[in-house]
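Reader: I am new to looking at protein models. Could we go through this one together, with me asking how you know each thing?

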Amino acid sequence: MNDVTINEIQRFSFDNTNVRGEHVVLNSAYQEIIKRKNYPLGIEVLLGEFVAAIALLRDIIKIDGVLSIQAKGNGFLSALMTECDEQQNLRGIAQWDEEQVVPDTISLKEVLAGGYLVITIAPRNGQRYQGIVELVGDSLAECLEQYFYQSEQLPSRVWLAANGAQCGGLFLQRLPAEQAQSGDEDAWERFTHLAATVKDEELLGLDTETLLHRLYHEEEVRLYEPKTLQFGCSCSRQRTLDAVISMGADEVRQLLIEQGSIQADCQFCAEQYVFTETDLVGQLGDQAQTH
Ligand SMILES: [Zn+2]
């Protein structure tokens with residue numbers, strides 16, 4: 001499966017139970033994100049887990065808008081964020097202390113040193129909602145399980161993996177009892193127990209049908225239509241211009257005097273935006289004028 005482009009998320013449920021799930025595997029969409037910077041492997045892996053996580057979240061919390069996960073902390077990783085919109089456009093970025101030697105396997109708790117996660121749900125119309133997730137466990141998967149429990153009061157389990165070429169995740173959730181089609185009391189225990197045996201290679205290397213067959217060949221699994229995800233950046237010339245203008249007329253004028261024009265590069269996709277005095281005077285008025 002390594003040579004084939006597979007950027008898909010697929011929902012599934014188990015017949016006659018109240019358990020549902022999602023499986024996501026990304027390769028080229030993930031590679032597009034990590035090739036933007038010279039990330040050490042440890043950060044590529046962590047960023048990959050975040051990308052798989054936002055793809056899962058996006059399919060679970062269905063809103064018309066943008067979902068993001070941000071990690072904030074005081075460790076050598078100063079910032080990490082991933083985003084996904086309703087068109088399944090993914091983007092992500094990490095900033096770290098480049099002086100540090102980064103191990104291939106890093107602990108979220110350690111790199112964020114007293115930090116936390118912010119999950120933002122920003123509908124196109126309506127109020128944005130932010131949830132803070134403390135770093136209860138050592139992994140992003142444990143933090144997400146905590147988030148689902150806090151926000152939906154639903155028991156959920158998450159498995160995430162990434163290796164610098166692919167990233168993926170598996171999600172299981174037990175819906176409220178009244179949604180159960182029958183009283184299979186042991187279903188949740190049985191399904192999570194089996195999912196816990198999943199190896200990273202299986203999570204990343206198998207398509208959903210094969211993975212579920214391997215884990216649950218004795219169960220009746222219902223698969224839904226897969227959805228495709230891709231790398232996509234929401235930056236635009238106007239949004240970048242707005243950001244430049246928000247620096248204020250004095251700053252803008254100073255930069256124009258020093259540099260002749262102002263160049264702002266998108267950190268997510270490396271798109272370069274150049275603004276001349278004419279562009280800026282139009283927005284800021286005479287105050288931005290250099291003469
Ligand atoms: Zn961009």
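Reader: How many nonpolar, polar and charged residues does the lining of the largest pocket have?

Author: Happy to start there, and please keep in mind that this is a predicted model. The lining has nine nonpolar, six polar and six charged residues. In volume, this pocket comes to about 500 Å³.

Reader: What makes a residue part of that lining?

Author: A lining residue has an atom within 4 Å of a point of the pocket. For the largest pocket, 21 residues pass that test, and Glu83, Arg91, Ser234, Arg239 and Phe268 are the ones that lie nearest its centre.

Reader: Which helices and strands supply at least two residues each to the lining of the largest pocket?

Author: They are strand S4 (77–85), strand S5 (89–96) and helix H8 (237–245). S4 has the largest share, with four residues.

Reader: Why do you say that the largest pocket lies between domain 1 and domain 2?

Author: Look at who gives residues to its lining. Both domain 1 (8–178 + 187–231) and domain 2 (237–288) do, so the pocket lies between them.

Reader: What is the volume of the second largest pocket?

Author: That pocket has a volume of about 190 Å³. It is lined by 14 residues, with Ser139, Ala141, Val158, Trp159 and Leu160 closest to its centre. Strand S8 (156–162) is among the elements that supply at least two lining residues, together with helix H4 (140–152) and helix H6 (200–205). S8 gives the most, five residues. By class, this lining has seven nonpolar residues, one polar and six charged.

Reader: What makes a group of residues a nonpolar core?

Author: Its members are buried nonpolar residues joined through side-chain atoms within 4.5 Å, where buried means under 20% relative accessible area. The largest such core has 74 residues, and Leu57, Leu90 and Leu144 touch the most other members. Helix H2 (residues 41–60) provides the largest share of this core, 13 residues. Domain 1 and domain 2 each contribute at least three residues to this core.

Reader: Which residues is leucine 144 in contact with, leaving aside its neighbours within four places in sequence?

Author: Leucine 144 is in contact with Ala53, Leu57, Ile69, Ile119, Val158 and Leu160.

Methods: Residues numbered from 1 in each chain as written. Predicted model: local features only at pLDDT ≥ 70, side-chain atom pairs only at ≥ 80, totals over all residues. Heavy atoms only, no water. 1 Å grid on protein atoms, 1.4 Å probe; cavity = no way out; pocket = protein on both sides within 12 Å on 5 of 7 lines; lining within 4 Å. Points joined across faces, edges and corners; volume = space filled by probe spheres on them. Nonpolar A, V, L, I, M, F, W, Y, C, P; charged D, E, K, R; others polar. Domains from an automatic or database assignment. Buried < 20%, exposed > 50% of the residue type's maximum accessible area, 1.4 Å probe, protein only. Contact = heavy atoms within 4.5 Å.
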